[in-house]
Amino acid sequence: MGQFFIQAIGEVSNLSTLLLITIGVIFGIIGGCIPGFTITMSILVAFPFTFAMDPINGLALMIGVFVGGYSGGLISGVMLGIPGTPSSITTVYDGYPMAQKGEPGRALGIGVIASFIGTIVSVFVLIIFGPLIAKFSLNFRPWEITALIIFTLTLVASLSNGAMIKGLIAAAFGLFIATIGLDRSGNLRFDFGVSEFSAGFEMLPVMIGVFAFSQLMSNVQKLKKDKEGKSKQPDMKVDIPYRQIGKDLWSQKINTLRSALIGSVIGALPGTGGSVANFVSYDQSKKFSKHPDKYGEGIPDGIIASESSNNAVAGGAFIPTLALGIPGDLVMAIMMGVLILHGITPGPLMFQEHPVLIGAIYVSLFVGAIVMLASQFLLIRYFAKISLVPQQILVPIVLMLCAVGAFALNNNVFDIWILFGFGIIGYLLSKADVPLTPLILGVVLGHNLENQIFRALELDPSWITFFTRPLALVFFGFALLSIIISIKQNRKAAPTPGDAIDEDDEGKKIS
């Protein structure tokens with residue numbers, strides 16, 4: 001095996017391959033930090049360029065985009081409060097408040113290094129535990145995946161910032177949105193006589209609308225208050241405090257490693273991905289924290305959990321794709337397309353027939369992580385300057401980019417109307433103090449949950465099977481435990497009748 005690694009290092013270390021990885025990483029970062037563009041769209045744009053390349057160079061370019069895209073989403077999340085990708089949603093919770101406190105450089109620096117550590121950990125997991133996890137993944141049938149998704153949905157309670165009932169309602173609304181359109185039998189549901197609804201709602205326009213549009217509307221409202229002299233603009237000068245970041249990461253070393261391992265394992269499970277890893281690791285970080293009440297106020301813990309987990313998905317996601325020939329998501333399906341295009345069939349025999357190519361994938365991920373770290377620290381000040389653009393200019397530009405991103409998904413103008421429609425809904429919900437994350441979680445997981453339940457029932461019509469399969473039962477147990485812990489935390493956070501209400505808070509409630 002050692003000689004194959006040496007050959008792989010030789011293949012990847014040539015100038016053209018290193019240049020392709022660098023180009024891919026920078027393009028991925030740019031794509032990731034543009035709200036609405038996403039990693040998937042970056043990969044789709046890069047895919048045609050691999051047609052004339054050999055397999056190693058084609059995969060090197062795509063891996064560069066993949067690694068860069070996962071880390072790029074944190075930039076707009078921190079600076080604008082808008083997640084650049086679905087896998088950086090929870091980065092916004094603490095990254096944006098930290099930036100608003102005048103520490104954008106600290107938030108960005110923490111996110112970049114956590115991203116790097118997450119990717120490196122996932123590479124080691126891929127190398128050491130890849131075959132074991134691939135074998136374990138074979139046990140995941142529809143019943144187990146259903147239980148895993150239900151466990152993920154129980155995170156709604158702890159992600160609702162104390163408003164559990166509102167969070168559950170928002171999650172139910174998200175699940176309802178996922179049911180609009182054709183069902184598995186080809187029957188229309190909840191189309192309300194609108195023909196465009198028959199295809200259902202794409203997750204991307206919904207997510208951009210709920211998060212980006214509502215955040216932009218809040219920015220406009222904040223701008224109006226600034227003009228009236230009612231609020232003070234935070235200091236957004238980006239200085240990277242390396243020593244402080246080092247202390248933050250050292251104090252959170254267990255959180256970093258745990259989140260990276262969660263991302264690696266979840267990335268290895270078909271049908272999951274960065275979004276699920278993001279929510280699970282953030283939730284677990286909050287549950288194990290000594291100060292869970294501070295999450296969402298701008299603390300390093302949340303940024304570290306989010307960014308180390310979503311980047312760790314990069315290595316883990318290759319395990320089922322290479323070992324089993326089962327792509328976990330669209331991005332991995334495109335990666336498989338590169339291999340198939342060159343006559344290589346992913347699966348268990350690939351490790352025996354193409355060991356150098358497997359080694360080149362490992363090395364490309366490692367090199368991509370190093371290039372990402374260097375590129376981010378060299379260019380992050382330029383990306384961060386977007387926050388210095390006046391809101392009067394920034395809001396319409398970002399809104400236009402969001403609209404272009406939604407349109408480019410299917411070249412469908414109706415997706416832009418979906419964006420604006422859900423933007424208004426998201427803004428109204430945020431004004432009513434309804435947490436938006438549970439809604440998105442319902443939309444992200446709803447379609448997959450329905451498919452897995454129906455697949456399970458088609459294989460075995462008995463509902464009892466969900467509770468007789470050991471792995472599914474373990475995930476249901478985790479779900480129950482998650483609910484109990486969340487209820488206790490919400491009760492602890494809830495004010496008692498005798499607690500005094502701060503005058504400023506009371507004024508905000510009245511207004």
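Predicted model: local features only at pLDDT ≥ 70, side-chain atom pairs only at ≥ 80, totals over all residues.
Local features are described where pLDDT is at least 70 and side-chain atom pairs where it is 80 or more, while totals for chains, interfaces and linings use all residues. Residues are numbered from 1 along each chain as its sequence is written, and side-chain values use heavy atoms, with hydrogens and water left out.

The largest nonpolar core has 108 residues, and those with the most contacts inside it are I43, F66, F201, F318, M335 and L365. Such a core is a set of buried Ala, Val, Leu, Ile, Met, Phe, Trp, Tyr and Cys residues joined through side-chain atoms within 4.5 Å, where buried means under 20% relative accessible area, exposed means over 50% and partly exposed lies in between, for a 1.4 Å probe and protein chains only. Helix α4 (residues 55–80) gives the largest share of this core, 13 residues; helices (H or I, at least four residues) are DSSP runs numbered from the N terminus. Leaving aside neighbours within four places in sequence, I43 is in contact (heavy atoms within 4.5 Å) with M62, V65, F66, V331, I334 and M335.

Helix α20 (residues 437–459) has 23 residues and reaches 33 Å from its first C-alpha to its last, close to the 33 Å expected at 1.5 Å a residue, the expected span being 1.5 Å times one less than the number of residues. A kink of about 40 degrees in α20 is centred on L445, the bend being the angle between axes fitted to the seven residues ending there and the seven starting there. The axes of α20 and helix α8 (residues 164–179) come within 7 Å and cross at roughly 35 degrees, as lines fitted to C-alpha atoms over the stretch in contact, with angles from 0 to 180 degrees between N-to-C directions. The contact involves residues of α8 including G167, A171 and G174, and residues of α20 including P438, G442 and G446.

Not counting residues up to four places away in sequence, T17 touches E11, V12, N57 and A60. M79, in helix α4, is also buried, at 4%, and its C-alpha is 9.7 Å from that of G105, 26 residues apart in sequence. T345, by contrast, is found in the loop between α15 (330–341) and α16 (350–353) and counts as exposed at 65% relative accessibility.

Notes
Helix = DSSP H or I, 4+ residues; strand = E, 2+ residues; numbered from the N terminus.
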